[in-house]
Amino acid sequence: MAPLATTMMDDMGWLTTQHIAALGIINVALTIPARIVIGSLLDRFGPRIVYSSLLVVMSFPTFIFAFGDTWMQLMISRLLLGSIGASFVVGIRMVSEWFPPKHVGFAEGIYGGWGNFGSAAAAMLLPWLALTLFGGDQGWRYAVAFTGVVTLCMVLFSTLT
């Protein structure tokens, strides 16, 4: 959302910098509780099912945010989207299973770094997608919705392999 904030404010007219700031804070509100819940689900169902389920569930608030027109829609979808931060727990679990104990810390450091890189890449690519590929006043919406489509494609790919 951050790299698209000014475009969103221009498009929606009523959206202010205070709204954007609140959406940024709201986005992290459920991250910690979600990580606890996802950790418990991992113990019961394993990483593949939990990660795929998390991606499917999180695609819905992505689409709601992309096409939301009211404060309530944006606020609730961002609140729920903060739960995607729990996907980090799945990756940490998988990395700890894939590497021997004396290399787990290094491997998890690499994993965490790539997660941050992915966030930075998205922050650079989404404005380009919004302005160049999709264009127009609603380009930001389609760029955000595109991330939901990519998420669903990842689930499809992971279930077929």
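Leaving aside its neighbours within four places in sequence, which residues is L15 in contact with? Hello everyone, let's start there. L15 is in contact with M8, M9, I20 and L74 once those neighbours are set aside, where contact means heavy atoms within 4.5 Å.

A quick word on the model. This is a predicted model, in which local features need pLDDT of at least 70 and side-chain atom pairs count only at pLDDT 80 or more, while totals for chains, interfaces and linings use all residues. Residues are numbered from 1 along each chain as its sequence is written, and side-chain values use heavy atoms, with hydrogens and water left out.

Now, the cores. L15 belongs to the largest nonpolar core, which has 20 residues. A nonpolar core is a set of buried Ala, Val, Leu, Ile, Met, Phe, Trp, Tyr and Cys residues joined through side-chain atoms within 4.5 Å. Buried means under 20% relative accessible area, exposed means over 50%, and partly exposed is in between, using a 1.4 Å probe and protein chains only. The residues with the most contacts inside this core are L4, M8, L15, I20, F65 and W140. At least two of its residues come from each of α1 (5–12), α2 (17–26), α4 (47–67), α5 (71–81), α7 (104–134) and α8 (139–160). Helices here are DSSP runs (H or I, at least four residues), numbered from the N terminus. There is also a second, separate core of eight residues, and I38, L42, V50 and A86 are among them.

Let's look at some helix pairs. α4 and α8 pack at an angle of about 165°, with their axes 9 Å apart. The axes are lines fitted to C-alpha atoms over the stretch in contact, and angles run from 0 to 180 degrees between N-to-C directions. α4 and α8 are therefore roughly antiparallel to each other. For that wording, angles under 35 degrees count as roughly parallel, over 145 as roughly antiparallel, 65 to 115 as roughly perpendicular and the rest as oblique. α4 passes α8 in a left-handed crossing. A crossing is left-handed if the near helix is turned anticlockwise from the far one by less than a right angle, and right-handed if clockwise.

L55 counts as buried because its relative accessibility is 8%. By contrast, V149 sits in helix α8 and counts as partly exposed, at 40% relative accessibility.

Next come α2 and α5, whose axes come within 8 Å and cross at roughly 30°. That makes α2 and α5 roughly parallel to each other, and their crossing is right-handed. On the α2 side you can find H19, A22, L23 and I26, and on the α5 side W71, L74, M75, R78 and L79. By class, these residues are seven nonpolar, one polar and one charged.

Finally, helix α3 (residues 31–45) and helix α6 (residues 87–98) pack at an angle of about 40°, with axes 8 Å apart. So α3 and α6 are oblique to each other, and this crossing is right-handed. R35, I38, G39, L42 and D43 in α3 meet F88, V89, V90 and R93 in α6.

Definitions and conventions:
Nonpolar A, V, L, I, M, F, W, Y, C, P; charged D, E, K, R; others polar.
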